[in-house]
Amino acid sequence: PGSERLAPAVKRELDAGGSRFDVIIHLTASSEAWTPLEVDSKRGELVRSSVVGPLIEREIAELSAILEAGRWAPSGLNSQPWDFIVVKDPKVRDKMAGILERITIAWEGFATAPAMIVVAVNPSRDPGHFVEDGAVAAQNLCLAAQSLGLSSSWAGVYANRTAKRGVENCLKTLVSLPRSHRIIAIVPVGHPSGPESRSSRVPLDEIVHHERFRPLQRYDSKVG
């Protein structure tokens, strides 16, 4: 199930005899990774309702491949400041979803996901870019899940605002994360509960500028 939703490049690699684990790592770590994975990212917001169904042995192997994709994300000076905490215990997931209710309307969908990945970073490893590092790793997790026929989303947790810091601190306590770390996002992984929701995007000709910024239709600002 789900094989019909694999990215074309993944299918080609599988047909050539590669395992899903090897294929997704190759596609994510190579310079050619972004073509098939970005195509799949056009599915929109992926799953905003829920991702359901227990992870069977095959999906456990795919979860490892998804984590490998996160591990291969780029980072400043290859600092790799991330740690991934995989939460599968239903009781912990329920508590996590209850905390996330304070910052996302999709919290009930997160609660039904058979696995949630906490993307945490140690800022001391890359003080200038730890947020970007963690965000790129989280994006890799989502793209890898989609390319394997699974579904995912994410809840952005990191913020300097006091309200969100309260949410982050509760989550850190729940997963025993040390004070040295910050949580960037929570990424649920599972099977879609139904047809995926689709979102729209602004046309490229309204957001792409060549050589220098120029006022386009969607902007009221002027170039000085």
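This section describes the nonpolar cores, a surface patch, the cysteines and the salt bridges of a predicted model.

The largest nonpolar core comprises 24 residues, and those with the most contacts inside it are Ile66, Ile117, Val119, Leu141, Val187 and Val189. Two or more residues are given to this core by each of helix H4 (57-71), strand S3 (115-121), helix H7 (130-147) and strand S6 (182-192), with H7 giving the most, at 7 residues. When residues up to four places away in sequence are not counted, leucine 141 touches Ile66, Leu67, Gly70, Phe84, Ile117, Val119 and Val187. Apart from this core lies another, of 17 residues, which includes Ala106, Phe110, Ala155 and Val167.

Valine 202 is found in the segment after S6 and is partly exposed, with a relative accessible area of 36%.

The count of disulfides in the model comes to 0. As for individual cysteines, cysteine 142 is buried, with a relative accessible area of 7%, whereas cysteine 170 is partly exposed, at 32%.

Side chains of opposite charge can pair when their charged atoms come close, and the count of salt bridges in the model comes to 4. In one of them, the side chains of arginine 71 and glutamate 68 meet at 2.7 Å, N to O; these residues are 3 apart in helix H4 and are therefore separated by about one helical turn. Arginine 71 is partly exposed, with a relative accessible area of 40%, while glutamate 68, at 19% relative accessibility, counts as buried, because the buried class extends to values under 20%.

A salt bridge also joins the side chains of aspartate 83 and arginine 125, at 3.7 Å, N to O. Since aspartate 83 lies in strand S2 (residues 82-87) and arginine 125 in the loop between S3 and H7, this pair ties together parts that are 42 residues apart in sequence. Aspartate 83 counts as partly exposed, at 31% relative accessibility, and arginine 125 likewise counts as partly exposed, at 39%.

In helix H8 (residues 162-174), glutamate 168 and arginine 165 are 3 residues apart, so that about one helical turn separates them, and their side chains meet in a salt bridge at 3.7 Å, N to O. Glutamate 168 counts as buried, at 1% relative accessibility, whereas arginine 165 is partly exposed, with a relative accessible area of 32%. Through salt bridges that share partners, Arg165, Glu168 and Arg182 are joined into one network.

Key
Residues are numbered from 1 along each chain as its sequence is written. This is a predicted model: local features need pLDDT of at least 70, side-chain atom pairs count only at pLDDT 80 or more; totals for chains, interfaces and linings use all residues. Side-chain values use heavy atoms; hydrogens and water are left out. A nonpolar core is a set of buried Ala, Val, Leu, Ile, Met, Phe, Trp, Tyr and Cys residues joined through side-chain atoms within 4.5 Å. Buried means under 20% relative accessible area, exposed over 50%, partly exposed in between (1.4 Å probe, protein chains only). Helices (H or I, at least four residues) and strands (E, at least two) are DSSP runs, numbered from the N terminus. Contact means heavy atoms within 4.5 Å. A disulfide is a pair of cysteine sulfur atoms within 2.5 Å.
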